[in-house]
Amino acid sequence: MMTQKYSDLDALLRGDEQAAEYFASLPDYVQETMRERSSRINSMLSLRDYAENLTRGDN
């Protein structure tokens, strides 16, 4: 399955409803950190990977 690539996080969230829903479900601190590095997040795969890295050890 080919993952759609976007220019940055904002474009991803505008263009992919599933990514937007997933992003909205993340803790505020994760969303904030991702927004600070939005140019590095350009696909659903990179969004999930980044979220998993940020939340590792939260439980």
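This is a predicted model: local features need pLDDT of at least 70, side-chain atom pairs count only at pLDDT 80 or more; totals for chains, interfaces and linings use all residues.
Residues are numbered from 1 along each chain as its sequence is written. Local features need pLDDT of at least 70, side-chain atom pairs count only at pLDDT 80 or more, totals for chains, interfaces and linings use all residues, and side-chain values use heavy atoms, with hydrogens and water left out.

Helices are DSSP runs (H or I, at least four residues), numbered from the N terminus. Axes are lines fitted to C-alpha atoms over the stretch in contact, with angles from 0 to 180 degrees between N-to-C directions.

| Helix pair | Axes come within | Crossing angle |
|---|---|---|
| H2 (residues 17-25) and H4 (residues 44-55) | 10 Å | roughly 10 degrees |
| H3 (residues 28-36) and H4 | 10 Å | roughly 125 degrees |

Tyr29, Val30, Thr33 and Met34 of H3 contact Leu47, Tyr50, Ala51, Leu54 and Thr55 of H4 (heavy atoms within 4.5 Å).

H2 and H4 run roughly parallel. Their crossing is left-handed (anticlockwise). Gln18, Ala19, Tyr22 and Phe23 in H2 meet Met44, Leu47, Arg48 and Ala51 in H4.

Arg48 also sits over the face of Tyr22, 4.4 Å from the ring centre (CZ of Arg within 6 Å of the centre and within 35 degrees of the ring normal). The structure has 0 aromatic pairs (ring centres of Phe, Tyr or Trp, the last by its six-membered ring, within 6.5 Å).

Key. Helices (H or I, at least four residues) and strands (E, at least two) are DSSP runs, numbered from the N terminus. Angles under 35 degrees count as roughly parallel, over 145 as roughly antiparallel, 65 to 115 as roughly perpendicular and the rest as oblique. Rings of Phe, Tyr and Trp (its six-membered ring) pair if their centres lie within 6.5 Å; planes under 30 degrees apart count as stacked, over 60 as edge-to-face and the rest as tilted.
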